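Student: Could you take me through one part of this structure slowly? I would enjoy a close look at a sheet and its surroundings.

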Amino acid sequence: MITLISSDKRKFHVLEEVANQSLTIRDVIEDRRGRRRADRIILVTNINSKIPEKVIVYWLRHFLMPEEIAHASMSHKKAEKLKKWEAKFFDTDIDTLNDLILAADSLDIPSLFDGACEKVSDILKNRSAEEVGEISKIENEFTHEEEEEEIPSENAWVWRNEFA
Amino acid sequence: MEPPHKHPRRNDEPTMSPSLPDLSTLPELVLIHILSFMDPKEAVQTCILSKRWRNLWTRVTSLNFNKHAFKSTADFVRFVTDVLFFHGASKLDTFRLSWCVHKHAVSTHSNKTYQIYVSNISAWIFSALSCKPLTISLVLYGFANLKLPRVLFTCASLEQLELDIFDSRKKAIEPKCVNLPNLKKLKFRYCELNNLVMQGILSGCPLLEELSLDGCSLKFSEMKSDVLRCLTILSCQSSRMVEIFMPSLISLHLEDYCPGIIKLSLKNTPSLSKVFVSYKFFNENYFSSAEFGFFNCLTTVTDLELYGPGLQELLEKIILNCPKLHCLKQLTFGQGAINKKPALLCHLLRNTPNLQKLTISDKQHSVPEKPATSGEPKKKGVTGEIPFRCKHLKAIEIKYSDPSRLHELIGILLRNKSHGKRVRIDLSRF
């Protein structure tokens with residue numbers, strides 16, 4: 001059993017086998033093997049308790065069926081179920097996704113990272129530049145001139161097949 | 001629960017970058033990863049978002065071009081060419097190209113135009129290959145003169161290759177030399193594969209683990225591979241008997257399998273443990289003794305799934321000569337397999353002494369049954385109930401859509417199971 005501590009000092013007790021899905025945590029545990037029990041405490045600083053909660057839920061779901069993912073060809077049904085579950089799991093607001101991506105990136109959980117990134121890209125699809133800017137809080141620092149003339153003319157090829 | 005340590009050390013912890021509430025703070029590599037999930041058209045258009053995003057898209061690691069998203073062919077061709085030009089040689093993991101030309105469209109355009117398109121396709125594949133991709137997927141229909149560039153079959157970085165290529169001449173895949181040292185997954189769809197191609201591929205891919213053939217016509221007589229672990233064959237046809245020599249094969253997946261239309265023979269498959277077969281239909285005219293051989297080779301299998309309306313007739317034929325499947329632990333039946341004669345099941349279970357779990361999913365199959373085969377067969381001898389002895393049978397799972405059949409099925413199973421053994425039966429409805 002290892003303990004994760006979030007930035008707001010909440011503790012999460014997780015089975016080592018489950019937490020091993022994070023390559024970072026696996027390496028840390030490996031490094032500290034044979035040392036004191038207290039070393040099984042891992043700080044996930046600067047992340048509020050909501051995120052470890054989600055990550056652990058994700059781990060548990062995947063931990064239950066590791067073999068099925070490897071042998072995708074045999075059990076389509078289980079893979080489909082997992083897909084449905086993941087769709088539900090990632091159906092949250094962009095801030096949570098943002099945090100999930102950062103957590104997955106630093107904890108090195110490839111499947112969670114891919115899933116969250118894909119969801120964000122789905123959110124950004126089929127939107128105007130203004131909408132995307134608003135959702136993702138990207139500051140448009142182009143000058144008025146640039147926006148009116150330079151950008152459209154330089155990138156004309158991007159838009160010439162605006163169909164629809 | 002462990003007590004928390006009072007002063008957990010702060011060094012060598014996985015460090016988290018501060019969580020900030022908006023996308024624009026994500027590291028560049030993460031943003032590029034997000035862009036890689038988008039359609040290239042949308043990814044490219046993010047260049048107007050801000051200065052930071054201006055050139056971000058040129059580093060996307062996945063390009064998925066689909067002609068469907070474009071109204072005019074000329075636009076599509078220009079777009080793909082431009083994107084690949086700007087992308088240059090930066091890292092590319094996945095390259096997908098999907099372009100289908102309809103027959104009538106070919107005749108309205110001049111031959112010359114299509115020749116140009118075909119040369120464009122080759123050029124794109126070339127420039128994608130220069131980025132050392134891991135996955136390439138090509139869906140190309142209707143290009144009569146298409147010939148895939150030879151370098152595609154000698155790309156060292158490639159791990160996954162999908163070729164879904166349909167043209168009337170069937171000349172697209174004729175590699176002179178195959179050398180794909182890292183290829184793990186290979187998928188062919190609607191291709192014609194002759195002896196030379198198959199041999200070249202199986203000997204030129206030393207790490208190949210999964211091979212999938214979908215709707216292909218198999219014009220070869222044997223498949224030999226020491227490394228292949230997973231073989232999938234979907235609605236293929238073969239004129240000759242295909243002999244399979246694969247000592248490492250673990251999983252075999254046959255879908256829409258029609259005995260007679262495709263002839264398979266497992267010659268050397270000692271590690272085979274998982275088999276999935278869905279029978280499309282059964283035609284007595286095509287039935288040959290080869291099917292006995294197929295079941296005889298399943299003696300090493302631990303996990304067997306049988307589906308499809310054609311199965312029932314086949315089972316009736318072979319049941320009396322069915323070999324003992326000593327290794328079998330899990331058996332799954334479904335979708336019309338034993339609708340009409342549940343008693344057949346008893347006969348099969350007699351040959352599976354070590355079975356642990358039986359799953360029956362009695363859902364009506366969507367494929368309409370052929371009237372010639374759907375009539376109640378008049379064969380005698382295999383219709384009666386017969387006790388079976390599966391000492392290790394612990395669980396039976398039944399998924400049903402029609403409760404009226406359920407009664408009969410459970411009755412047969414309970415009447416004939418070995419005495420004194422407890423068997424758990426789980427019921428669930430579709």
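Predicted model: local features only at pLDDT ≥ 70, side-chain atom pairs only at ≥ 80, totals over all residues.

**A close look at the chain A sheet**

Tutor: Now widen the view to the whole sheet of chain A, which is open and has 3 strands in the order β2-β1-β3, with mixed pairing. Because β2 (11–14) and β3 (41–44) of chain A each have a single partner strand, they stand at the edges, and one side of each is left without a neighbour in the sheet. From one strand to the next, the twist averages 25°.

Next, turn to what covers these strands. Helix α3 of chain A (residues 50–63) lies across β1, β2 and β3 of chain A, and runs at about 10° to β2(A). While you are on that stretch, pick out A:Trp59: this residue is among those with the most contacts inside the largest nonpolar core, which has 161 residues. Also in that group are residues of chain B, including B:Phe95 and B:Leu358. The core draws at least three residues from each of domain 1 (27–90) and domain 2 (95–220) of chain B.

For a last stop in chain A, follow helix α7 (residues 110–124) to A:Ser121. A:Ser121 is buried, with a relative accessible area of 0%. Leaving aside neighbours within four places in sequence, A:Ser121 is in contact with B:Ile34, B:Phe37 and B:Met38.

Key. Residues numbered from 1 in each chain as written. Chains lettered and ligands numbered in written order. Heavy atoms only, no water. Core = buried A, V, L, I, M, F, W, Y, C linked by side-chain atoms within 4.5 Å. Buried < 20%, exposed > 50% of the residue type's maximum accessible area, 1.4 Å probe, protein only. Domains from an automatic or database assignment. Pairing = 2+ DSSP bridges. Helix = DSSP H or I, 4+ residues; strand = E, 2+ residues; numbered from the N terminus. Axes fitted to C-alpha atoms, helices over the stretch in contact; angles between N-to-C directions. Contact = heavy atoms within 4.5 Å.
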